[in-house]
Amino acid sequence: MKEFNINNIKNICPEISGTQCSFYAEGCAVALEEHGHKVPTELVIDGDFSLKCLLLWDAPTSKRGWREPNDLAHFGAIAIAFHLTTALTEYQVVEQACIGKGGFDYYLCFKEDDPRYDADNFINARLEISGTNKGIEALTKRVRQKLEQVSPSDSWNIPAYVVVTDFVKPLTYIKKK
Amino acid sequence: MSIARQLHREAMNTVSEAQSALMSGETDRHDILLRHAFEKERAAAWELLHKLDAEPTRSILFRSAAQLAIESGEFKEAEKLVAAALFGNPPIELVLELRELNQQIANYLDWVQFLENPAIVHEYLQNLRQKALNVRLKPKNPTHGSAVLLDNVVDMLKKVKESFFNYLDIDFRKVFVDKFENIDKLIADLKREANPLIVNLKFQSFAASIAPDLHVMLSQQYSDDIREWKENVFERFKDDVFQTDYNSVPEVRPLADKYSPEERRRIFSPIIDLFKDSNQYNFSLTDTSFVTIKRKYRPVSKPVRDLLIPVVQGVQEPKNLELFQSFGLAPAESGGALSKSNIISAQTMTTADFRVVLSEIHFEKQSLILSEPLEIEIHYEKPIFSINSELLQIRVNSYHYNNLLNDFQQSFIELFNNLKGKSEKQLTADELSIYNFIKSVVFTETL
């Protein structure tokens with residue numbers, strides 16, 4: 001079974017700063033532990049992929065700055081999405097998509113060893129990430145919402161990945177649009 | 001990594017630095033960094049000018065560069081960048097976003113052109129001046145040449161604004177009765193737009209033309225009927241409020257028929273205050289050159305005041321009551337309480353100004369405990385006591401001192417309840433400032 005070390009985000013997303021990667025990784029570790037999960041924890045991946053993997057992480061030194069469950073789910077889901085997108089698709093994370101009304105969170109580009117990689121044309125896919133703490137039903141609903149949310153940028157003619165993680169089980173649903 | 005991507009990466013890092021600078025209050029550094037970011041992003045975008053198949057990257061970079069150009073005040077550059085983006089093959093949604101951006105740039109450019117063209121600015125001001133209210137203050141007893149006190153000028157301008165805003169509020173509700181569900185929000189927006197401007201000034205002792213811009217820069221967000229109302233509301237305000245002979249009961253009577261006592265109090269009290277005998281200044285209307293007096297105002301006669309702003313319905317004017325000011329000597333620990341034998345002198349007052357302090361506000365079953373005492377100025381002009389709180393925009397008057405305090409407390413609590421019931425977005429700037437003040441002095445509320 002494939003293993004992902006949550007604290008390893010910086011190595012797979014070199015465009016994102018180390019500080020930010022550590023922040024997401026710590027949020028993810030706390031989110032998992034708040035739901036009673038222990039190292040290693042099995043993560044179920046569903047949707048366009050169907051597999052299981054093991055999540056590993058370093059124990060957070062303090063959880064006092066992480067009290068808000070929605071923040072935990074949000075930032076924790078980013079850490080998991082970065083790992084899974086990079087491992088399971090032909091894309092890597094470029095940067096946050098902050099300007100415009102595309103309805104998604106991150107730009108993705110082809111990995112450099114992909115034959116379609118074009119150094120100048122580096123926005124090749126969209127990534128929308130979300131996290132929940134409420135189980136499968138909430139996750140399914142969230143996936144539908146997110147697929148609808150990215151619609152404004154559908155005409156860009158590049159795929160969108162919606163990656164939603166629920167921390168109860170935990171389970172990540174990945175849907176390509 | 002391509003040059004375009006490298007430049008784009010540097011630009012985005014610089015944007016982050018600029019945002020950090022802004023958050024730490026370094027606005028100059030923010031502006032410099034933002035300009036650097038814009039220059040890098042522009043260079044990144046131009047790298048892709050001829051790579052028409054590099055979509056959506058190409059148009060995203062041009063759009064991002066255009067956005068940074070706008071934020072750096074480089075509107076012409078922004079226009080070029082949007083044009084370059086549209087010259088390629090942007091996806092349809094990005095085309096729509098780029099067109100929206102283009103419209104935004106066009107509006108900015110119109111505005112810049114407008115501000116830079118002295119002829120247009122002159123024409124604009126002339127337009128406002130033609131519709132302005134031309135007012136003049138002169139000191140009654142000049143002590144410093146013909147200079148008038150700044151306090152008097154501020155007082156006059158505030159009262160004109162208060163009266164106009166109340167007129168606008170009342171008139172809009174009358175004209176568009178039951179037409180809009182969100183009328184409070186609409187009126188708050190209109191007040192923001194109608195904030196009066198000084199469009200001309202002269203030392204005469206103080207002479208100013210006051211006008212809101214409700215007709216030149218007509219906002220497109222309103223329906224035709226509101227736009228029509230906006231165009232003439234200030235004219236009607238001037239007619240109703242400043243073209244009335246306040247010493248003629250027959251002239252004032254139509255106003256008493258047109259507005260309820262509460263509406264009259266809100267519109268006319270601030271203006272009548274400008275004519276008071278006790279003011280240090282004379283207030284008049286002039287022509288646009290401020291030389292010819294168009295209308296002089298004298299203190300309002302009692303019959304007119306009783307008709308226009310009835311003190312309290314059903315309450316009779318007290319007979320044989322006088323306000324006295326006493327001077328006396330008493331032990332310090334008495335706290336100023338004077339017995340008859342301690343009074344050295346007492347005089348009857350026809351006018352007086354004094355202060356009272358309230359530590360609690362009560363009305364019916366509601367009480368507000370104040371965190372610090374509220375000092376209220378009371379004006380007496382025989383036989384009427386009045387409180388005109390500009391800070392709270394509360395105006396009450398009464399023949400009886402106790403009634404006056406009760407009325408003030410009732411108004412305070414009604415104001416508090418009214419503001420508390422609105423969201424911050426529904427509040428005008430003035431209302432927000434009043435509400436913030438009330439919140440700062442109210443310690444707790446008991447029901």
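Visitor: When is a residue buried or exposed here?

Guide: A residue is buried if 20 or more other C-beta atoms lie within 10 Å of its own, exposed if 12 or fewer, and partly exposed in between, with C-beta atoms placed from the backbone. In chain B, 30% of the 447 residues are buried. This is a predicted model: local features need pLDDT of at least 70, side-chain atom pairs count only at pLDDT 80 or more, and totals for chains, interfaces and linings use all residues. Residues are numbered from 1 along each chain as its sequence is written, with chains lettered from A in the order in which they are written.

Visitor: How many helices and strands does chain B have?

Guide: Helices (H or I, at least four residues) and strands (E, at least two) are DSSP runs, numbered from the N terminus. Chain B has 14 helices and 12 strands.

Visitor: What is the strand order in the open sheet?

Guide: Strands pair if DSSP finds at least two bridges between them. The order in chain B is β2-β3-β1-β4-β5, with antiparallel pairing. β2 (197-202) and β5 (293-296) of chain B are the edge strands, each pairing on one side only.

Visitor: How many bridges join β1 to β4 in chain B?

Guide: 5 bridges join β1 (residues 133-139) to β4 (residues 281-286) of chain B. B:Val135 stands opposite B:Leu285.

Visitor: How many residues does each chain give to the contact?

Guide: Two residues are in contact if their C-beta atoms, placed from the backbone, lie within 7 Å. Chain A gives 16 residues and chain B gives 19.
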